[in-house]
Amino acid sequence: MKRLEGKVALITGGARGQGEAEARRFVAEGARVVIADVLDAEGQRVASELGDAALFQHLDVTREEDWSAAVRVAQQHFGKLDVLVNNAAILKMASLETCSLEDYRRVIEVNQVGCWLGMKAVLPAMKAAGGGAIVNVSSTAGMEGVAWGTAYVSSKFAVRGMTKAAALELGAYGIRVNSVHPGGIDTNMARPPEMADIDPSTIYRGLPIPRIGRPDEVANLVLFLASDESSYSTGSEFIVDGGLLAGKTFN
């Protein structure tokens, strides 16, 4: 039996990068998936390639009405909703001195408020389904500080914290909530314009696994947390970072 056989998942930011890898992995493991994103053309392409097991739904994670529509589509088209992957996020690198209030608030709205709205939106559907799994994608920046990243770090620490609070509240309904903390992953978001002059290989060559991570490596971890294989895990952090947070080396 496939690991997600019979489950219905909603994946935000599913049009490319980690979200696309998760959608493809979920379908391969038997799930039916709502791919949600603001990138309509890219999202439609992924859904069409995955066939009847997937559909695309436009979703701006900062808009409560978009969340309601996405949950409704999942229930109407696939009959229920078992899994939410809060994957959508944006990155803005700027020093504390130069970061504008507008940019700071935009990162918080998408990464933090969007995650909170998602958990709130799927709760009635998951209660009706008799339980479920929520996977909130945070970052290693939700575990330690990053210079020029006050907005991003703030948002990702918040995702880590709200995951724990939600796990405490939702366990009684059979809903598990965990956070995933990727390090550097080879996606568009990992190459912001602000870092165009930085050679990424210099960042990762000193890791125990001396390379940047792949989206499918994150998808494999998210798959575990969405499946019944992680049935006794909730309120916890799961790290996929090539050893970035393991400590310092003197080599």
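Helix packing and selected residues

Modeller: Helices H1 and H7 cross in a right-handed sense (the near helix is turned clockwise from the far one by less than a right angle). The model is predicted, so to be counted local features need pLDDT of at least 70 and side-chain atom pairs 80 or more, while totals for chains, interfaces and linings use all residues. Numbering starts from 1 along each chain as its sequence is written, and side-chain values use heavy atoms, without hydrogens or water.

H1 covers residues 17-28, and its axis lies 8 Å from that of H7 at an angle of about 55° (axes are fitted to C-alpha atoms over the stretch in contact, and angles run from 0 to 180 degrees between N-to-C directions). H1 is therefore oblique to H7 (under 35 degrees is roughly parallel, over 145 roughly antiparallel, 65 to 115 roughly perpendicular, the rest oblique). On the H1 side the contact (heavy atoms within 4.5 Å) consists of Gly17, Gln18, Ala21, Glu22, Arg25 and Phe26. H7 contributes Pro215, Asp216, Val218, Ala219, Asn220, Val222, Leu223 and Ala226. Sorted by class, this contact holds eight nonpolar, three polar and three charged residues (Asp, Glu, Lys and Arg are charged; Ala, Val, Leu, Ile, Met, Phe, Trp, Tyr, Cys and Pro nonpolar; the others, Gly among them, polar).

Phe224 and Phe238 form it, edge-to-face, with 6.4 Å between centres and 65° between planes. Phe224 belongs to helix H7 (residues 215-226) and Phe238 to strand S7 (residues 237-240), so the pair links distant parts of the chain, 14 residues apart. Phe224 counts as partly exposed because its relative accessibility is 25%, whereas Phe238, at 18%, is buried (buried is under 20%, exposed over 50%, partly exposed in between, with a 1.4 Å probe and protein chains only).

From H4, the residues in contact are Tyr104, Val107, Ile108, Asn111, Gln112, Cys115, Trp116, Met119 and Leu123. Those from H5 are Thr150, Ala151, Tyr152, Ser154, Ser155, Lys156, Ala158, Val159, Met162, Ala166 and Leu170. This contact comprises 14 nonpolar residues, five polar and one charged. The crossing of H4 past H5 is right-handed.

Phe157 is another residue of H5. Phe157 has a relative accessible area of 36% and so is partly exposed. Leaving out residues up to four places away in sequence, Phe157 touches Ala141, Gly142, Met143 and Glu144. From the C-alpha atom of Phe157 to that of Ala226, 69 residues apart along the chain, the separation is 21 Å.

Two loop residues remain. Trp148 sits in the loop between strand S5 (132-137) and H5, and its relative accessibility of 57% makes it exposed. The phi of Trp148 is positive, near 65°, in a residue other than glycine. Most residues other than glycine have a negative phi. Asn188 lies in the loop joining strand S6 (175-182) to helix H6 (200-204) and, with a relative accessible area of 43%, is partly exposed.

Conventions
Helix = DSSP H or I, 4+ residues; strand = E, 2+ residues; numbered from the N terminus. Phe/Tyr/Trp six-rings, centres within 6.5 Å; stacked < 30°, edge-to-face > 60°.
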